[in-house]
Amino acid sequence: MNRPLIKSLALLTMLVLAISWNSCRKDFDYVRSTGNLEFSKDTVFLDTIFTNIGSATYTLKVYNRSNEDILIPFVGLETGQTSSYRLNVDGQAGKEFNDVPLLAKDSLFVFIETTFDVSQTPENEFLYTESLLFGNNTNQQAVELVTLVKDAVFLYPATLSNGTKETLVLGMDENGNEIRVEGFLLETNQLQFTNEKPYVIYGYAAVPEGNTLTMDAGARVHFHKNSGLLVNSGASLHINGLLSEDQEVLENEVIFEGDRLEPTYADVPGQWGTVWLREGSVDNQINHLTIKNATLGLRVEGGEQLSNPTLTLRNSQIHNSVSHNLWAISSHIVAENSVLGSAGASSFYANNGGNYSFAHCTLANYWNNSIRNWPTLAMDNFTTNSSMALEKANFINCIIDGTMRFELSLQRDMDTDFNFGFENCLLKFNDADNQFENNPLYNFLDTDLYQNLLLNADADFADPFKDKFWIGENSAAIDAANPAITPPLPLDILGTDRGANPDIGAYENVMEN
């Protein structure tokens, strides 16, 4: 073999050995972290979760601002493998990690989750804190993890022997097939909801015939996706909320909402199903209830017998439903001091007749999550298959307002009674181009239908796009209500005395007092 070739082979061998040796000693490319990491936050708040229900995933970003590639000797949880927190560090799941590389001027993501069993503590609420550690010894840095864990009563359908969930029959489809939904009948010992712990419902919880579901003041009910509450024929719902001193905390209000407790879900509509008072349910009484973020807030089915109210609704609020906030079908409803706020369809839809008495209520639809094609208030006396009389629909001292030109829709079957009236109401109906000029249902000069109407006047709501419908000092509703109504309503929804000259709507303006 010639000498140049031998020389070349020797040089090549040395180069390969050098590369191999260097690749086996990658740590030589990094320096150990000296505690100079920076973080996107010094505390990660994982918000509130229910016991044994996993949290959402939260993100922490870790920065190496130096000009050197570094190894972080340790990244892990303070209590190690026994921690109820879980980590994912740059794509690797675990609770403890060693020698985590981080290039100069670069960053890495740490994803954090938790599931905690609050029964490990004597409290119904437990603030679960732990440190997420970076580095060792004197160079160690920490980011705090904080989660509020709530104990809860969980109600859900049973799992059958074939692996499917227990179901309830809702009715029959047009082909005679049963319509079923995952759900269960509440047992006798489940018919009293207290304020000791929140309730979390999976599927539809149904009140059996002959029973009453009672909810104490301050009760909190959270519904999982596609879940809700059914009140069957012959059953009743009694919600006994009370006026709260703190209107932020609402300590005595009964609240129905979804089971996602993160702040980002606070105003997301459609998180759960509906509350459904089925045909034949009786003596339903609701006081100081807030229903929010449902698909359909409250569905009330009456029937041919309307002598007694299907539902009495007082001092309550329903808002942010994807469909209607209140959909009443041939029902008898008495509503006082209540707010039917923004919804993807109507705030109140009175369908196929019924009997309705609304006093000092605010119906206002400022929905801005999508295009809305329904008015705030819609009433008719028919469906595709039937027609029933609208025996009465009286609105006294009420506000009907919203973002559309026409916030009232009246549609009638001429062969069936259609009786309604508005007295001392503020109504949004801006017929500037006289589309309804010849329709007698919208003859606002007809005193048999409309008395003391404030047409297209300014309600001056505080922040209607956030469902804050108390009125300001420039509201046309101030002092415009009829004080001589029966029964009298001397206090508004917040317990404010209306005085001798009450305001229209559920709220009395406090600036004038």
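**Pocket lining and aromatic contacts**

User: In this predicted model, how do the residues of the lining of the largest pocket divide by type?

Analyst: The lining divides into 17 nonpolar, 15 polar and 13 charged residues. The pocket has a volume of about 1,400 Å³. Of its 45 lining residues, the closest to the centre are Glu-248, Leu-250, Asp-267, Lys-292 and His-319.

User: What makes the pair of Phe-193 and Tyr-199 stacked?

Analyst: Stacked needs planes under 30 degrees apart and centres within 6.5 Å. Phe-193 and Tyr-199 show 0 degrees between the planes and 4.0 Å centre to centre. The pair therefore counts as stacked. Both residues are buried.

User: Why is the pair of Phe-406 and Phe-436 called edge-to-face?

Analyst: The planes are 70 degrees apart and the centres 5.1 Å apart. Phe-406 lies in the loop between strands E35 and E36, and Phe-436 in the loop between strands E38 and E39, so the pair ties together parts 30 residues apart in sequence.

User: Phe-406: buried or exposed, and how do you know?

Analyst: Buried means under 20% relative accessible area. Phe-406 has 17% relative accessibility, so it counts as buried.

User: What makes Phe-436 partly exposed?

Analyst: Its relative accessible area is 24%.

User: How do you know that the charged end of Arg-65 sits over the ring of Tyr-63?

Analyst: The distance must be within 6 Å of the ring centre, and the charge within 35 degrees of the ring normal. Arg-65 is 4.2 Å from the centre of the Tyr-63 ring and sits over it.

Methods:
Residues numbered from 1 in each chain as written. Predicted model: local features only at pLDDT ≥ 70, side-chain atom pairs only at ≥ 80, totals over all residues. Heavy atoms only, no water. 1 Å grid on protein atoms, 1.4 Å probe; cavity = no way out; pocket = protein on both sides within 12 Å on 5 of 7 lines; lining within 4 Å. Points joined across faces, edges and corners; volume = space filled by probe spheres on them. Nonpolar A, V, L, I, M, F, W, Y, C, P; charged D, E, K, R; others polar. Phe/Tyr/Trp six-rings, centres within 6.5 Å; stacked < 30°, edge-to-face > 60°. Buried < 20%, exposed > 50% of the residue type's maximum accessible area, 1.4 Å probe, protein only. Helix = DSSP H or I, 4+ residues; strand = E, 2+ residues; numbered from the N terminus.
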